[in-house]
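Okay, thanks for coming, everyone.

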Amino acid sequence: MRPLAYLQCLGVWLLLSGAVHGQPWPSELWHEGKVVLDSGDTLKGKIKYDLKQDLIQYNVPNQRTDAFSARKVLFFEIFDETVRRYRQFFALPYTNQTQYRTPVFFELLTEGKLTLLAREALEFRTYTSPYYLGSYSREILVFHYFFLDNEGNIEEFKGTKADLLAMMGRKSDDVEKYMKTNRLKIDDKYDFARIVAYYNSI
């Protein structure tokens, strides 16, 4: 391979591998928002969240930064500049992998007969390079989805489009038509929310 062609390929590989740092992840940024604590107090200002640790930081204007765990928070809302949307998070009891029930932050995507929640995470994924430079790893933002029932139970959804439609019973044909007409996919967070919101509306 000629040196110029090699450098071009190398540049693409560096970009894909994440060696060239791009836009910060939403969890790395401070957002305008508000926090409602379990004490009933409401705090307004700059907020940063960490779903891995289930913590939020609140920047007290001109003073200090306070940290609150999900145990101390009922709800927080931010305006996320990266997607130009308001996002709402609730601290809800959830049984984790150790079978211990504890408050965890979930983002509310839509509520109704089916209430859809999400949690985001950063994960490394390995890909094979098309430029014969071997494989590379890249950190990406992924979303895990959950459904909340009327009894307060939260169950992770790991299914397919067919599994989701099966949950919708007699309304599945209408929902599938809506998905096709609007080109919606369940692997896109906001598409998924639109699909469930439509089901709730019919």
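So, first up, keep in mind that this is a predicted model. Let's start with β8, residues 115–128, because that strand gives the most to the lining of the largest pocket, with four residues. How big is that pocket? Its volume is about 730 Å³. There are 21 lining residues, and the closest to the centre are Leu 51, Lys 52, Arg 119, Glu 120 and Ala 121. Besides β8, the elements that give two or more residues to the lining are β2 (42–50), β7 (101–110) and β9 (135–148).

Okay, over to helix α4, which covers residues 189–201 and includes Asn 200. Is Asn 200 buried or exposed? It's buried, because its relative accessible area is 17% and the cut-off is under 20%. A polar atom of the Asn 200 side chain sits 2.8 Å from the backbone oxygen of Leu 114. Leaving out residues up to four places away in sequence, Asn 200 touches Thr 110, Glu 111, Gly 112, Lys 113 and Leu 114.

Now for Lys 185, in the loop between α3 (172–182) and α4. Lys 185 counts as exposed, because its relative accessible area of 54% is over 50%. Still, Lys 185 has contacts: with residues up to four places away in sequence not counted, it touches Asp 191, Phe 192 and Ile 195. Lys 185 and Ile 195 are ten residues apart in sequence, and their C-alphas are 8.4 Å apart in space.

That's my tour, so over to you.

How values were computed. Residues numbered from 1 in each chain as written. Predicted model: local features only at pLDDT ≥ 70, side-chain atom pairs only at ≥ 80, totals over all residues. Heavy atoms only, no water. Buried < 20%, exposed > 50% of the residue type's maximum accessible area, 1.4 Å probe, protein only. Polar contact = N/O pair within 3.5 Å; in protein donor to acceptor, adjacent residues only side chain to side chain. Contact = heavy atoms within 4.5 Å. 1 Å grid on protein atoms, 1.4 Å probe; cavity = no way out; pocket = protein on both sides within 12 Å on 5 of 7 lines; lining within 4 Å. Points joined across faces, edges and corners; volume = space filled by probe spheres on them.
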